[in-house]
Amino acid sequence: SPPHLRDTKGAMSAEEAAEIEGLLDHTEDPAENDAAAGAADDNEDDEDDDADLAKIKARMEEMEAEAAKLKAMQEKQKEAFDAASGDATSEEARRESDARSIYIGSVEYTATAEEIEQHFMGCGKINRVTLSTDHFSGKPKGFAYLEFGEPDAVELALALNDSVFKGRQIQVKQKRYNVAGLNKRGRGRGRGRGRSFGAYRGGYGRRGGRRGRGW
């Protein structure tokens with residue numbers, strides 16, 4: 001027993017001395033208490049840091065999602081703009097091509113593109129000759145289109161209207177410009193019996209008043 005528990009006034013009983021000694025043994029060390037409190041504070045700080053990191057991560061994910069959504073919208077707008085620009089360019093190109101083209105009617109059914117090109121080669125440079133054929137049978141319809149390299153050649157080609165080609169009098173006219181998307185069947189109604197090429201099909205009959213069914 002500690003010295004101060006030995007021989008005091010009115011000497012303590014053995015049980016009292018043992019109880020006091022036990023209380024002294026179980027008294028908490030201030031340093032240990034401070035260490036425990038510091039550890040608890042550290043744990044709380046770690047939990048706060050984890051919570052802050054989670055918030056930052058969640059915010060970053062939200063920002064990334066918003067950026068992806070904005071990028072998708074921009075790409076969609078760009079596609080729409082490019083499509084509109086492409087349509088305008090295509091429309092202009094078709095109009096310019098038609099200004100350099102002629103329609104040739106009453107063409108002999110056995111005629112070839114090369115033969116038609118030979119007939120008009122004196123008018124100027126020829127880019128292409130298109131013989132119209134039936135979509136299902138593949139048989140020629142009796143008319144063709146010819147595109148020159150320069151618009152001036154069209155005027156020379158028009159002078160060959162009513163000229164004889166392979167034993168038949170052909171009709172040569174400026175190619176009509178067709179607006180893309182316009183209902184050709186409705187536009188050609190009343191002027192011809194065909195279902196395609198609008199005014200051209202059935203619009204120009206053979207001389208003598210006879211009309212071809214496939215024109």
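## Exercises on aromatic rings and the nonpolar core

Tyr103, Phe143 and Tyr145 form one aromatic cluster. The model is a predicted one.

**Exercise 1.** Classify the geometry of the Tyr103 and Phe143 pair, and state which elements the pair links.

*Solution.* Step 1: the count of aromatic pairs comes to three. Step 2: in the pair of Tyr103 and Phe143, the ring centres are 5.8 Å apart and the planes make an angle of 40 degrees. Step 3: planes under 30 degrees apart count as stacked and those over 60 as edge-to-face, so this pair is tilted. Step 4: Tyr103 belongs to strand S1 and Phe143 to strand S3, 40 residues apart, so that the pair links distant parts of the chain.

**Exercise 2.** Decide whether Tyr103 and Phe143 are buried or exposed.

*Solution.* Step 1: the limit for buried is under 20% relative accessible area. Step 2: Tyr103 has 0% and is therefore buried. Step 3: Phe143, at 1%, is buried as well.

**Exercise 3.** Find which residues of the largest nonpolar core touch the most other members, and which elements supply the core.

*Solution.* Step 1: this core has 18 residues, of which Ile102, Ile104, Ile116, Phe120, Leu146 and Phe148 touch the most other members. Step 2: at least two core residues come from each of strands S1, S2 and S3 and helices H3 and H4. Step 3: beyond its neighbours within four places in sequence, Ile102 has contacts that include Phe120, Leu146, Phe148 and Lys175.

**Exercise 4.** Identify which charged residues lie over the rings of Tyr109 and Tyr145.

*Solution.* Step 1: the charged end of Arg168 is over the ring of Tyr109, 5.7 Å from the centre. Step 2: Lys175 is over the face of Tyr145, 5.2 Å from the ring centre.

Conventions: Residues numbered from 1 in each chain as written. Predicted model: local features only at pLDDT ≥ 70, side-chain atom pairs only at ≥ 80, totals over all residues. Heavy atoms only, no water. Core = buried A, V, L, I, M, F, W, Y, C linked by side-chain atoms within 4.5 Å. Buried < 20%, exposed > 50% of the residue type's maximum accessible area, 1.4 Å probe, protein only. Helix = DSSP H or I, 4+ residues; strand = E, 2+ residues; numbered from the N terminus. Contact = heavy atoms within 4.5 Å. Phe/Tyr/Trp six-rings, centres within 6.5 Å; stacked < 30°, edge-to-face > 60°. Lys NZ or Arg CZ within 6 Å of the ring centre and 35° of its normal.
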